[in-house]
Number of protein chains: 2
Amino acid sequence: EIIDAIAAHFAEAAHKPQADKPQAHTPLSGKRALVTSGPTHEPIDPVRYIANRSSGKQGHAIAEALARLGAAVTLVSGPTRLPDPPGCAVVAIETAREMLAACEAALPVDIAVCAAAVADWRVAGTSDRKLKKDGGGPPSLSLTENPDILATLSQAGPRRPALVIGFAAETGDVVAYATAKRARKGCDWIVANDVSLGTTTFGGADNTVHVIRADGAEAWPTMGKDAVGARLAEAIAAHFQTPTP
Amino acid sequence: EIIDAIAAHFAEAAHKPQADKPQAHTPLSGKRALVTSGPTHEPIDPVRYIANRSSGKQGHAIAEALARLGAAVTLVSGPTRLPDPPGCAVVAIETAREMLAACEAALPVDIAVCAAAVADWRVAGTSDRKLKKDGGGPPSLSLTENPDILATLSQAGPRRPALVIGFAAETGDVVAYATAKRARKGCDWIVANDVSLGTTTFGGADNTVHVIRADGAEAWPTMGKDAVGARLAEAIAAHFQTPTP
């Protein structure tokens, strides 16, 4: 009902311009958006887990920017230190499987932005008890593949969002890897960034991205993650006015 | 020089009681203490790492309580969301090996309290590049043993702290495991708690501990982590007045 309330609020705002207020810029009014953000945590045993350095800043900024443009936003987020962005319905999850379930529960949507740094793998045979040093040498963690949330949402079908956007965190050959990833996943756009050691994309305030669409790659200048979120939200709104490839 | 300044401050306070102020209770004045706190993060590749659910609340509370009793405290902490406790010199580290180096740099001390949840293992052959799904199936993480900080500090020798206290996070048979751990590590006391699934010791505000010394195990009632810290600091101060086994 939160989403309905937000949608109703913006629909009303769009239909009743008031002379004494600046008209809100809400080109995404009436659209539903799903955004994923943050890391996932994959348990090893009751106390240990595999994590990654995603802060959630970029995903949260995108969710907030989409809401500001009038979209009804569901934000599915792994553990972060960030406050919930205003105007978004937030679903907190830990693992990749929980994130997939929360995304599927949010469908149907018009827009899906998969900004979360989802763990590719989880630990096979998670232990119910804390693994102990028993003199037998260190254990070996055998991993198993997690569900692919971006590919799942990109699958053709009646529930496929009209626009599916993935993220790629690469440590070299950013555009080439991201272009291949776009084709492999079946999504519409890929926002690619370089997370090499020495750059501070993970956890930092700024981001340098390439946006890969069917018609090629566009390099955006380095800017704050809030600014990347705002520009991406505007590009999404423009796409729904005049669809780009 | 921070530590010297704190020590000097408390030494002065102890020597110059003022009629118009309540006398500070600083039984640990002149003592140096080392406290470890929080989790360690062990890298897998530039973006992934193995972590644990320690919040650092218990270790930070102990450091603060020791400082309040007049000790000059160095707190060596893994990544937490906590503010630095007042009156402590804080050294931030990520990995177990960094924690050991920071502890050794803090010696000599009179008191060492190893409250951190140090990773028993790190990943052997950490990758400089992000591990990728290449169709060859999930990788297997082979682990290698981390240095044992508690056992290292407990080793007899001229630099051994007079009182070394370890923590044990167990998921069953708490007292039996912790008693065995005390003997194995060579430390003086073990503070043992149960971190089973279903209890909320990791991350929670309360703690239920057993304190194991040479003369047996003492069960403390469930109380806030701040209260556990205060009671442990008082027990440490009492030990330096009248050494317990």
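Guide: A definition to begin with: two strands pair if DSSP finds at least two bridges between them. Keep in mind that this is a predicted model.

Visitor: Fine. How many residues sit between β12(B) and β13(B) in their hairpin?

Guide: Two residues separate β12(B) and β13(B) there. Strand β12, residues 209–213 of chain B, runs antiparallel to β13(B), and four bridges join them.

Visitor: What stands opposite R213(B) in β13(B)?

Guide: G216(B) does. R213(B) also has a ring below its charged end: that end sits over W189(B), 4.9 Å from the ring centre.

Visitor: And what stands opposite W189(B) in β10(B)?

Guide: I165(B) takes that place. The strands here are β9, residues 163–170, and β10, residues 189–194, both of chain B. They pair in the parallel sense, over six bridges.

Visitor: Back up a step. What is the strand order in the open sheet of eight strands in chain B?

Guide: β5-β4-β1-β6-β9-β10-β12-β13, with mixed pairing.

Visitor: Which are the edge strands?

Guide: In chain B, β5 (88–92) stands at one edge and β13 (216–219) at the other. Each of these pairs on one side only.

Visitor: By how much are neighbouring strands of this sheet turned against each other on average?

Guide: By 15°, with direction ignored.

Visitor: Which strands does helix α3 of chain B touch?

Guide: Helix α3 (residues 96–106) packs on the sheet of chain B and touches β1 (32–37), β4 (72–77) and β5. The helix direction makes about 175° with that of β1(B).

Visitor: And which strands does helix α6 of chain B touch?

Guide: Helix α6 (residues 225–241) touches β6 (111–114), β9, β10 and β13 of chain B, also packing on the sheet. Against β10(B), the direction of α6 makes about 165°.

Visitor: New topic, the interface. How many residues does each chain bring to the contact?

Guide: 38 residues come from chain A and 38 residues from chain B.

Visitor: What area is buried between chain A and chain B?

Guide: About 4,000 Å², and carbon and sulfur atoms give 53% of this area.

Visitor: Which three residues of chain A supply more than any other three?

Guide: R53(A), W121(A) and K133(A). Together they supply 19% of the area that chain A buries against chain B.

Visitor: How many salt bridges are there between chain A and chain B?

Guide: Four. One salt bridge has R53(A) meeting E94(B) through their side chains, at 3.5 Å from N to O.

Visitor: Which order do the strands β7 and β8 of both chains take in their open sheet?

Guide: The four strands run β7(A)-β8(A)-β8(B)-β7(B), with antiparallel pairing. The edges are β7 (121–123) of chain A and β7 (121–123) of chain B. Each has a single partner strand, so one side of each lacks a neighbour in the sheet.

Visitor: What does the twist average from one strand to the next?

Guide: 40° in this sheet.

Visitor: How many bridges join β7(B) to strand β8 of chain B?

Guide: Three, with β8 covering residues 140–145. W121(B) faces E145(B) in β8(B) there, as its opposite residue.

Visitor: Last one. Is the peptide bond from L107(B) to P108(B) cis or trans?

Guide: Cis, with omega near 0°. P108(B) is in the loop between α3 and β6 of chain B. In chain A, a cis peptide bond joins L107(A) and P108(A), with omega about 0°. P108(A) has its place in the loop between α3 (96–106) and β6 (111–114) of chain A.

Notes:
Residues are numbered from 1 along each chain as its sequence is written. Chains are lettered from A and ligands numbered from 1 in the order in which they are written. This is a predicted model: local features need pLDDT of at least 70, side-chain atom pairs count only at pLDDT 80 or more; totals for chains, interfaces and linings use all residues. Side-chain values use heavy atoms; hydrogens and water are left out. A charge sits over a ring if NZ of Lys or CZ of Arg is within 6 Å of the ring centre and within 35 degrees of the ring normal. Axes are lines fitted to C-alpha atoms, for helices over the stretch in contact, and angles run from 0 to 180 degrees between N-to-C directions. Contact means heavy atoms within 4.5 Å. Buried area is the accessible area (1.4 Å probe) that two parts lose on being put together, summed over both.
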